[in-house]
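Thanks for coming. I will go through one model today, chain by chain and then the contacts.

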Amino acid sequence: MEQKLVALSGNEAVAYAFKQARPHVAAAFPITPQTEMMHKYAEFVANGESTTEMILVESEHSAMSAAVGSAAAGARTFTATSSAGFALMWEIVYVAASLRLPICMALVNRALSGNINIHCDHSDSMGGRDAGWIHLFSENAQEAYDNGVMSWRIAEHGDVRLPTMVNYDGFIISHTADALHMLPDEAAYDFIGKYQHKYSLLDVENPVTVGPLDLTDYYFEHKTSQLAACARAPEIVQAVSDEYGELTGRHYSFAEEYKLDDAEMVIVVLGSSAGTCKDVIDEYREKGVKAGMLKIRMFRPFPNAYIAKILAGRKAVAVLDRSASFGGFGGPVFTEVRSAMYGQNVPVHDYIYGLGGRDFDLSQVATVIDNLQNVASGGELEDVNLLGVRL
Amino acid sequence: MINTKDLHEGGIIRDPGNATTYKTGDWRTFVPQFIEENCIQCMFCWIYCPDTAIELDTSGDKPKVTGIIMDHCKGCGICAHECPPAKKGKSALVMVREEK
């Protein structure tokens with residue numbers, strides 16, 4: 001498939017990805033750094049390039065509520081937010097997943113308050129990791145676009161029917177102009193397909209009740225069905241990604257394996273930091289150090305069996321967490337990875353880094369690899385470490 | 001009771017009006033006792049009942065209260081409160097503690 005090479009910010013790229021699905025409804029409230037994405041979308045609508053009905057709400061709680069109502073009415077629906085906006089959506093984020101509404105959302109990752117900070121970390125999405133959404137992470141504008149296109153197919157698949165969020169790092173991806181290949185509108189829409197709703201609140205011939213009281217006698221069964229949908233999702237994520245790979249030549253899976261084949265030391269990371277890690281790993285490879293990286297793309301559902309297999313037999317693993325879990329044992333990614341590695345004799349250590357947009361530079365990756373080499377040769381390292389902070 | 005695999009996704013209800021099949025009568029402590037001879041068929045109980053627990057016979061020209069549907073009555077006592085003591089100061093509905 002011939003694709004146009006364009007220069008866009010991550011926000012613009014995702015706005016295009018969502019527009020190409022021809023959604024019926026978008027409900028959103030502006031918040032930095034997501035604002036530009038909805039600016040771009042509003043421009044499409046104002047210029048007549050999109051027929052999406054935009055609902056400009058008074059808060060994110062209303063944005064997610066409007067999205068739920070719209071999706072239950074049978075409309076293809078998306079929203080977008082960041083940080084505190086996602087936190088304000090909280091209650092309805094769970095409702096969207098519980099009702100199995102295939103809403104797509106751009107979550108432009110930004111630190112949660114306080115103190116107030118507009119820059120990137122993953123504390124917003126990590127707070128919502130148990131809400132029942134599918135979480136895809138992106139390394140750059142290209143991946144944010146690709147995840148945006150694929151998110152519709154994954155969310156709306158009959159075996160899944162779960163809301164899906166496309167995460168991309170605030171400012172680092174959202175506001176940086178980047179070169180990417182974009183599908184022509186027709187080809188993207190052909191891939192995504194026409195939306196088939198399962199029911200509609202507006203269908204008076206076939207009335208439905210959505211969100212009734214669900215007490216001790218049925219709630220548990222409904223949650224069990226939601227758990228089963230999450231368990232089916234990875235297979236669909238892979239199938240959709242394979243089809244997208246055939247169409248575009250860009251192949252995705254649960255994670256990207258960078259120089260992993262013979263890697264003894266592995267860094268596990270999400271999002272834009274992967275690019276920085278790759279550069280430093282290249283330098284170490286030139287020196288003969290067997291370092292590699294595993295960039296997790298699908299954080300929810302967490303691909304635990306895959307992680308256990310791919311990290312088996314490594315000499316040392318470092319997980320980079322761009323959020324802290326206060327009072328928890330390390331960051332959220334570490335907790336999952338270490339749990340997946342249960343029963344294996346592979347040392348797994350955590351680094352909390354980059355909070356509130358703190359720059360993640362080459363020297364930090366070098367520190368991690370140096371420490372992993374030390375662990376690999378029998379040295380000691382704390383389970384949970386901090387990276388790039390003044391103590 | 002329906003098992004997980006047979007439930008509609010997301011807990012939606014596709015058969016409207018199925019609340020009548022959901023038995024909620026075991027919530028109550030007190031139960032209204034219907035004394036037909038005191039009933040003047042004013043229909044206040046039927047209007048005020050927050051559920052659908054007042055049993056009506058609608059076969060004749062005018063509907064007629066015939067009793068309480070115990071599968072749905074939660075024993076709130078609103079019917080007895082609203083029932084006018086029209087027959088020599090006596091009401092047709094009085095609350096009594098239910099023996100279980």
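Chain B has two helices and four strands; helices here are DSSP runs of H or I with at least four residues, strands are runs of E with at least two, and both are numbered from the N terminus. Before going on, the ground rules: this is a predicted model, local features need pLDDT of at least 70, side-chain atom pairs count only at pLDDT 80 or more, and totals for chains, interfaces and linings use all residues. Residues are numbered from 1 along each chain as its sequence is written, while chains are lettered from A and ligands numbered from 1 in the order in which they are written.

Back to chain B. Read from the N terminus, its elements go β-α-β-β-α-β. Its radius of gyration is 17 Å, well over the 13 Å that the globule rule gives for 100 residues, so chain B is more spread out than a compact globule. That radius is taken over C-alpha atoms, and the rule is 2.2 Å times the number of residues to the power 0.38. The box filled by the C-alpha atoms of chain B, along the principal axes, is roughly 60 × 35 × 15 Å.

Within chain B, strand β2 (residues 54-57) and strand β3 (residues 64-68) run antiparallel and are joined by four bridges. For pairing, DSSP has to find at least two bridges between two strands. Glu55(B) has Gly67(B) in β3(B) as its bridge partner.

Now chain A. Chain A contains twelve helices and 15 strands. For its 391 residues a compact globule would have a radius of gyration near 21 Å, and chain A agrees, at 21 Å. Its C-alpha trace spans about 70 × 55 × 45 Å along the principal axes.

Chain A is split into domain 1 (4-248) and domain 2 (255-387), with bounds from an automatic or database domain assignment. The domain centres, over C-alpha atoms, are 28 Å apart. Domain 1 of chain A puts 27 residues into the contact and domain 2 of chain A puts in 20 residues; contact means C-beta atoms, placed from the backbone, within 7 Å. On the domain 1 side, α5 (123-127), β6 (134-137), β7 (164-169) and α8 of chain A each supply at least two residues. That side of domain 1 divides into 14 nonpolar, nine polar and four charged residues. Nonpolar is Ala, Val, Leu, Ile, Met, Phe, Trp, Tyr, Cys and Pro; charged is Asp, Glu, Lys and Arg; the others, Gly among them, are polar.

Next, the sheets of chain A. One is an open sheet of seven strands, ordered β3-β2-β4-β5-β7-β6-β12, with mixed pairing. Its edges are β3 (53-56) and β12 (298-300) of chain A, each pairing on one side only. From one strand to the next the twist averages 20°. Strand β2 (residues 25-28) of chain A runs parallel to β3(A), joined by four bridges, and Val25(A) is opposite Glu53(A) in β3(A).

Another open sheet has six strands in the order β9-β11-β10-β13-β14-β15 of chain A, also with mixed pairing. Here β9 (255-258) and β15 (384-387) of chain A are the edge strands. Strand β10 (residues 265-269) and strand β11 (residues 291-296) of chain A pair in the parallel sense over five bridges, with Ile267(A) opposite Met293(A) in β11(A). Helix α9 (residues 273-286) of chain A packs on this sheet and touches β9, β10, β11 and β13 (316-321) of chain A; the direction of α9 makes about 165° with that of β11(A).

One helix pair. How are α6 (residues 141-156) and α7 (residues 185-192) of chain A packed? At an angle of about 25°, with axes 9 Å apart. Axes are lines fitted to C-alpha atoms, for helices over the stretch in contact, and angles run from 0 to 180 degrees between N-to-C directions. That makes α6(A) roughly parallel to α7(A), the label for angles under 35 degrees; over 145 is roughly antiparallel, 65 to 115 roughly perpendicular, the rest oblique. Val149(A), Trp152(A) and Arg153(A) of α6(A) meet Ala188(A), Phe191(A) and Ile192(A) of α7(A). By class, this contact has five nonpolar, no polar and one charged residues.

Last, the chain contact. Chain A gives 17 residues to it and chain B gives eleven residues. Helix α8 (residues 219-248) of chain A has the largest share of the chain A side, with four residues. The chain A side divides into seven nonpolar, five polar and five charged residues.

Methods: Two residues are in contact if their C-beta atoms, placed from the backbone, lie within 7 Å.
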